[in-house]
Amino acid sequence: MSLNNFSELFADLDASNSTNNKIEVLKSFFLSNKPIDNSWAIYLLTGKSNKRFISGKYLRNLFSQIYEYPQWLIDTCYLKVGDSAEVITLLLKNKTTSRNKKLSNISLNELLSKKIPELSKLNEEEKNLEIKGIWETLPEDNHLIFNKILTGTFRVGVSIGLITKSISRLINIDEEIISHRLMGNFKPSIDSYEFLINKTINIEELNSKPFPFLLANNFEDKIFKHSINDFQFEWKYDGIRMQIIKRSGNVSLWTRGQELVNESFPELVEKMAYVKDDFVLDGELLVWNFKEKIAFDFSFLQKRINRKSPTRSIQIKYPIIFIAYDLLEINGRDIREIKLENRRIELEKYFSKWHNKTENNISDISKICDLISPKDWPDALTYKEKSRENNTEGLIIKKKTSIYSSGRKKGIWWKYKVDPMQLDAVLIYAKGGSGRRAGLYTDYSFALWKDQELIKFASAYSGLTNIEIKELDKWIRKNTIEKFGPVRSLKPEMVFEISFEKIQISKRHKSGIAVRFPRITKWRKDKKINDADSLENAFELMKKIS
Amino acid sequence: MRIKQEDLIRYKDGNLYCELANIWIDPSKPVKRALITHAHFDHFTFGCEEYFSTYETAIILKERVGDNVKIKTFDYGEEFKINGIKISFHPSGHILGSSQIRFIFAEEKWLISGDFKLQKDETCKQHEIVKTDYLISECTFGLPIFKWDETNKVANDISKWITNSPEKTSLLFCYSLGKAQRLLNEISQTNFKGNIYSHGSIYKMNNCYKELGIDIKDTIKIENKKKIDELKGSLILLPPSLSKGSYLKSFKNIQTAFASGWMTIRALRKRSGYDKGFVISDHADWDGILEVVKKSEAKNVFFHHGDSESLTKYLVEKKSINVRFFEEQI
């Protein structure tokens, strides 16, 4: 029954814009399905399974071949729909009406742990026949799920936070514990689900996992009312936020995106393993200019992010550093509940111990985050303005008495970004350029989130290099949903950092805001569309300015 | 290729035009004589000297735009002559009164499909297959991804959608003329037995349909917003124009859906901002268009209003009939 149930779950989640609804839907799904299927469901919904068994193009060609359908017609449909799995699902509606229903009761587990992995063992001809067989014996309502898993494009508007909340409500255990359990390499199995819903909390099992990250909110004016001495000031580095976990001698590097990245930064793992103490550090990974003592541009870091087992020469060309902000655990003692100012003392104490060693010194790959000490708020502003000079994005302001909780807790940490104002937005439309840029799509429109919807908020023409323009143009042509004259609507996938000079209310725009001199300042290939800013962020930004 | 200068029906200034009769079909600007296929506003413009339509179309139009228009009305199948050209209206199944228009001149038959559908719809006359030499067909949904489910299946889905959320008020957005009445008719045959409310614009059309002898379920006109609390578990039909803006703010605890053929595509569904999309259309799907092309026995087919390129190419590859691209003549 459960693949049908999962298809229904997908449709229900897809058809709701309300967080509470989604949580209820998830809860009742978990209650009425087997642990193993629940485990797979979580695996799929949290986007941990983007393994592509066949490409979208392969799927379209296969359909064309099996059902003698003109390839160009499928491609035209694809342009309209923007997703191969969905196009083929829609076209299958015409093809698989009367058939045997052999697979009508297949479980999610059977499909994911047997049927689909077995495909990779077959030769091409057998594989094609098998896919055809599945299409024709699987109930129509399950085609979309099957095609999406096959092409590694399963995505639905459910965040890991929603899963966390629904499990937390299901078993009445704090969200922090659940999100801790959900972090990192979640492998679908009965055990992993049982572990997730286990009502007793087992410390050892949590050993290699990072703590949920505490995130900073956008700056609020009301902070000015407080004494400057209540806060700790740090530079806001533009790198990869990371926790280094060393427990029982084992080192794990976890990004904020919950990826274990040991393989990408082996030199850091190696050096950290030398440290005699066990610890959990929160900090930022950067490619560092050791001579100038500032960070290199984010683009340098991009050269390292997706490269596993980098060669020695890459390691030398793009030397990394871990800048430690915070100490969360030391030799098995969780110190997140003690005040930031006291954690800082501990952090300094241990770093000076680790750096003062004559052998296996870690000072060439990690440092403690320097603190800034503004005398008063105007002085803090001056520091903020200077942040461009040392390649940082502004300031991070932390309440000295704060404990390290999780998520974007209000009233503890703030990011105070340097002007120009910036928002991360999703590319949704492109228009052909003219003159020197004729034949290329160079005029772009960007959108911000409003609930589940992307609302256009600005258009920008400048900021990309010629190479980037060409690359983006190619992508645009492949990812068009619809053409309206010279304008193409695009698959929401690309995130850009948009900078502007002024932001104000506008009744003329659907978004309700207008920005002045918008321009692209960074192509955030490291960000997913869910990481883009919301209109709410934009309004907050506006409030802050006025 | 294109419709040639000497063709009986031409494409001129963005509209279909028969020069010999000096008559336009659904013109978008004022002309002397206008044939109106049906009463949707995008097929009507003010200021023409004389309009021609079916009786039902005329009644609905007058209800919408006032009595101040001069419309000559005809029954389905009734032939009339202008400059020696025989013209007649035939049911197109799109909405009440909607029609295809046939022209006969010098033994040559031309048929303009109008907006049409083949699916069951008890609120209007079933589409009629009309044989022709030349067919000018709409192709709003001219791609094979469009394949409509049976109407009662969609109606049952809507019914389930409402009854599964008894704590909520369900707002279903749909075009106020045609789609709304068809939905009412279908939903009243499902398990949903709660109250149904109509927005004024829909309510007006419901009455108009009733006056023309169509059986439409009674609904409550949604007037003052005081009754909000009583709306729990009921269905409200609203025109799509109200989906954005402040109107919705007066409701509490709602779920929204849009009923349209475009809801086939997930990206459009997501972008539209409604919670849910129900795929139901008053236009023909891909198979429907192909069926009409085939059964009309037309030797020449032109497509407009939609993805004409794909259909044309598809039929050209099949080599069964002479399909010509339909382009603007300047």
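**Notebook: two chains, a few helices**

I started with helix α10 of chain A (residues 160-171), which has 12 residues and reaches 17 Å from its first C-alpha to its last, close to the 16 Å expected at 1.5 Å a residue. The expected span is 1.5 Å times one less than the number of residues. Helices here are DSSP runs of H or I with at least four residues, strands are runs of E with at least two, and both are numbered from the N terminus.

Some housekeeping: this is a predicted model, where local features need pLDDT of at least 70, side-chain atom pairs count only at pLDDT 80 or more, and totals for chains, interfaces and linings use all residues. Residues are numbered from 1 along each chain as its sequence is written, while chains are lettered from A and ligands numbered from 1 in the order in which they are written.

Which residues of α10(A) are buried? I noted Ile160(A), Ile163(A), Thr164(A), Lys165(A), Ser166(A) and Ile167(A). Buried means that 20 or more other C-beta atoms lie within 10 Å of the residue's own; exposed means 12 or fewer, partly exposed is in between, and C-beta atoms are placed from the backbone.

Next I went to α1(A), residues 2-14. This helix has 13 residues and reaches 18 Å from first C-alpha to last, close to the expected 18 Å. Ser2(A), Leu3(A), Phe6(A), Ser7(A), Leu9(A) and Phe10(A) are buried in α1(A). Down the axis of α1(A), these buried residues fall within an arc of 155°, so they line one face of the helix. The arc is taken from the directions from the helix axis to the C-beta atoms. They pack against α2 (19-32), α3 (35-45), α7 (108-119) and α9 (143-150) of chain A. Contact means C-beta atoms, placed from the backbone, within 7 Å.

Zooming out, I found 19 helices and 21 strands in chain A. Of its 546 residues, 36% count as buried.

Then I checked where the chains meet: 14 residues of chain B are in contact with 18 residues of chain A. On the chain B side, α5 (266-272) and α7 (308-318) each supply at least two residues. The largest share, three residues, comes from α7(B).

Last, I looked up confidence. Chain B has a mean pLDDT of 90, and 93% of its residues reach 70 or more; pLDDT is the predictor's confidence in each residue, from 0 to 100. For the complex, the predictor gives an ipTM of 0.91 and a pTM of 0.70.

Note on methods
Two residues are in contact if their C-beta atoms, placed from the backbone, lie within 7 Å.
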